[in-house]
Structures are given as C-alpha cells and as structure tokens.
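The following note sets out some points for a student who is reading this structure. Please keep the sequence and the model in view while working through the numbered paragraphs.

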Amino acid sequence: MRASKGIVTVLLILLIAFGWAACALGIGTGAVEEGDANTTGNYNQCIALAEDYMERGLYQKAAVEYTTAVSLKNNEEDWAALLEAYRCRYEEDDDIFSVYLSAAKKATKAYPKNTDFCKIAVNLCLENDDYSSAYQYLTLNRDTGVADEELEQLYLEVKYSYTIGSSSWSQRLLLCNEYYAAYSGNGWGIVSSAGKKLVSYTLESCYSIGENGIYVCSEDGQGKLCDLDGIVQGKLSFVPTDAGVYTEGLVAIQNGDTWSYYDELGDLQFGEYLNASSFQDGTAAVETEDGWILIDTAGNEVSSAVYEDIKLNADGSWLKNGVMLAKLDGAYHLYDENGEQLGSLTCDDIDCVTDNGSMIAFERDGLWGFADLEGNEVIEPTYANAKSFSNGLAAVQGEIYWGFINTENILVIDYTFLDADYFDDDGICMVATASDTYQLLTRNITD
C-alpha cells in the first residue's frame, strides 16, 4: 500500500514538472505562436512610429523606436535606419555623440561585412581621436574579405597615422640603443626615443650611447666617458672630434684625423685608423691606408680580406643580423660574417642594416631601391634617396621632402619632412619638420 502511494506521488511530481516545462517551452499551449504575434505586432508598431517620426523630423524619438525594433528583430535594414536617425539628430545636436557612436559600434559588430556601418563607426572614432577603436573596426571589416576601396584607403590612413611631439631639437645623432644624442639651446644632451630628457643640454659634444649607458662627451674643454647616472667613468687627455659606441670594454674615439680604441677609464689601448667600428664578439672593422679590414681586441688582423669600404650601422656595428655591407671591386654587396657574398645584389651605394628592418636601402645609377637581407633586389630603384626599413616602414625622398613607404612599396606617410630617421620598436622616429628642427613622430597604431 505504501509502495503504491509512493509511485503515485512520483507520477504526480513528474506530471507537474512536465506541465511547467510545457508552459515554458510553449509545447501544446500556443504560447510561442502568441509570443511571436505580440513581438511582430510590437515590431511593426515601432517601425511605423519610427517612420512617422522621421517624416516629422523628430529624429530622437525615431531613434528610440528603431532601437526597440532592432532589439526585437536584429535586422540590418533597421540598423541602417537607426543610424540614419542618429545622423540626422547629430547634425542638430552633437551632444548625442556618444549614443550615436555606441549604436554605430553595435551595428558594425552585428554586421561586420556592412561597409557603410564600418565607415560610420570609424569616422566617429576618429572624431574622438580614438585611433585604436577605428583600427579595430577597419580590421574587423577587412577580415571579412569584403573589398571596398574607400575603406582600404581609410585603413591605411589609420594604420599609419601619427602625432608629432611638442619638443624639438636643432641637431641629433641617429637612434642608438633607444637613445638620441640631441642639441637644444646651447648644448648637447641625451633623450630617450620617447623624448624623455636623461642628460641635460650642457655638453659641448655628445656621442652615441653604448653598453651600460656609457657615452663619450666633452664639457668645459674636457673629454670624458660618462654614464646615464651622470657619473664620470673616465677622462680623456683631449677633446674628441667624433666617437663610436662603447662595447665589450672598448670605444673608438677620433682625435684629430685618426681613430683609436680606449677603455672605460679613457686610457688609450691601441690603433691609429682612418675610421673604426664598435666591437662585436671580439671583432671590429677598421679603415687603414690600404682599405677596411677586420681586427681583434688586440688590434690583430683576423681576416685576409681587404674591402674598399664597410658601411657602419647606426650603433657603430659592422655586422647586424648576420649581414655586412661592404664595397669590393667598385660595388657594394652583402656579405656574411665569414666574408661570403649573400645574393647577387650589386649597387653604387648602400644605407645600413637596422635592428628591426627586413630590407636595406641601396642606390644604383642615382636612384634608390631596396633589397632583402639575403641580397635579393625587392623594390626597384625609383627614389631620390632612401633609408633602410625599420619596424615595417622606410623613409624615402621625393623631389624635396621625405615620407615613408611600407613593405608593399605604398607611400603611407606623405612627403612632408625635410629629413627622417629610423623607427624604434614602439613606432617612434625622429623627423625634421623644418630647417634645424627635429621632432619625434609617434605612430598611433603599432601592430
């Protein structure tokens, strides 16, 4: 008897549970059909009201109705109508900017292939100087594979947009180890690649930063080696006329017409050369009366090869990314560290290898082009002047001014500057914006 009551109780519980589920899911109750009818009725009413409000010029009220409509039915046409309502209202009152932008962003995410939605969202982001979000929506649309010439141009403009810093210098050395030696006011100092002053502009001369922040400079008629903490590491018995980069305990310094190597204390170690590089793994390139050779840290020749020239990079190195740029038999070629030629490139002049660059600028018959690190010509010489690629861009000169191209040889930063250097890993580069005026260009987007 008790077992029967228990079975009945279980069956009642199951029936009640099924009844609740049926109500929730509309099984056999007509709930879904009735809900659809209500939704459709509400949707149609919203659309009718919105269209009437648009005709009356009541754009804010129309936007409210269209917002409800898209919440009921996520319809692309209704999103377009909603954005049109906000556009009309925005022309009347720009206080609704944030609401308009929010709607445009939602429409773009809902329909990433809709180029009109993307253009609206991007242009509103740019009004707000929000390059990051603009780039995000352009990339989202681009990834769908939908081709749109206007959006592609906008993509390039946003990706390569930039700002110019307020600080300026009248002279500078090329970026080396993320620092510039720069001249401002009445003296030389040191700034980071982001423009932060690290050494005051009180020096009579200042050269590139090397290992441990050590650099060669002169002050009050005294040549010396200092570090970025302002501590004098060594003193020279002369005022240097030029200096290289301190590496592996040695730095090449020019005294008059000759270069010699000195240690951190400023003591002469060896050499009298016409030019000299920094040391790398115990080897440096130096220019003698007979040509350029490779030496060790004792000044001994380590290779029988003699070159007519070896191009030194911005950090004073003779070898970077496994590439040496040297002149032999009247032409420049690419070589590896063992002196084996890389590729078939032959040119009249060549720039340098950068830390983060994929191509090297070279000159042939008065025009500049680009080669890869294997010695293959990639971009035909067409420019009046050029500098090697760094962080995906290369400075090129038109008739007068400098601009930047990307690796696809598209001019992405217009010919605007009187001079231009190399980009660091953060997308920062020194450019000449006027005569004797260098400023920092910072890209808004860095991939």
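1. The largest pocket holds about 540 Å³ of space. A pocket is found on a 1 Å grid over the protein atoms alone, as an open set of points where a 1.4 Å probe fits, with protein on both sides within 12 Å along at least five of seven lines. Its volume is the space filled by probe spheres set on the points, which are joined across faces, edges and corners.

2. This is a predicted model, in which local features need pLDDT of at least 70 and side-chain atom pairs count only at pLDDT 80 or more, while totals for chains, interfaces and linings use all residues. Residues are numbered from 1 along each chain as its sequence is written, and side-chain values use heavy atoms, with hydrogens and water left out.

3. Which residues lie nearest the centre of the largest pocket? They are Leu-174, Leu-312, Asn-313, Ala-314 and Gly-316, out of 25 lining residues; a lining residue has an atom within 4 Å of a point. The elements β10, β14 and β21 (349–350) each give two or more residues to this lining. Strands such as these are DSSP runs of E with at least two residues, numbered from the N terminus. By class, the lining has 12 nonpolar, seven polar and six charged residues. Here Ala, Val, Leu, Ile, Met, Phe, Trp, Tyr, Cys and Pro count as nonpolar, Asp, Glu, Lys and Arg as charged, and the others, Gly among them, as polar.

4. Strand β10 (residues 242–243) pairs with β11 in the antiparallel sense over two bridges; two strands pair if DSSP finds at least two bridges between them. Ala-243 has Ile-253 of β11 as its bridge partner. Strand β11 (residues 251–255) is largely enclosed by the rest of the structure, because four of its five residues are buried. Buried means under 20% relative accessible area, calculated with a 1.4 Å probe on protein chains only.

5. Strand β11 is also joined to β12 (residues 258–262), antiparallel, by five bridges. Gln-254 stands opposite Trp-259 of β12. The two strands form a hairpin with two residues between them, and Gly-256 in the turn has a positive phi of about 75°.

6. Strand β14, one of the pocket-lining elements, belongs to an open antiparallel sheet of three strands in the order β14-β15-β16. Its edge strands are β14 (275–276) and β16 (291–295), each of which pairs on one side only. Two bridges link β14 to β15 (residues 284–288), and Asn-275 is partnered by Glu-287 in β15.

7. Tyr-183 takes part in both pairings: Gln-171 is partnered by Tyr-183, and Tyr-183 is in turn partnered by Trp-188 in β4. Six residues lie between β2 and β3 in their hairpin, where Asn-177 takes a positive phi near 55°. The hairpin of β3 and β4 has two residues between the strands, and Gly-185 takes a positive phi near 70°.

8. How many disulfides does the structure hold? There are zero, a disulfide being a pair of cysteine sulfur atoms within 2.5 Å. The sulfur of Cys-176 is 11 Å from the closest cysteine sulfur, in Cys-206, and is therefore too far for a bond. Cys-352 is in no disulfide, and its nearest cysteine sulfur, that of Cys-176, is 11 Å away. Cys-176 is buried at 1% relative accessible area, and Cys-352 is buried at 5% relative accessibility.

Methods:
Buried < 20%, exposed > 50% of the residue type's maximum accessible area, 1.4 Å probe, protein only.
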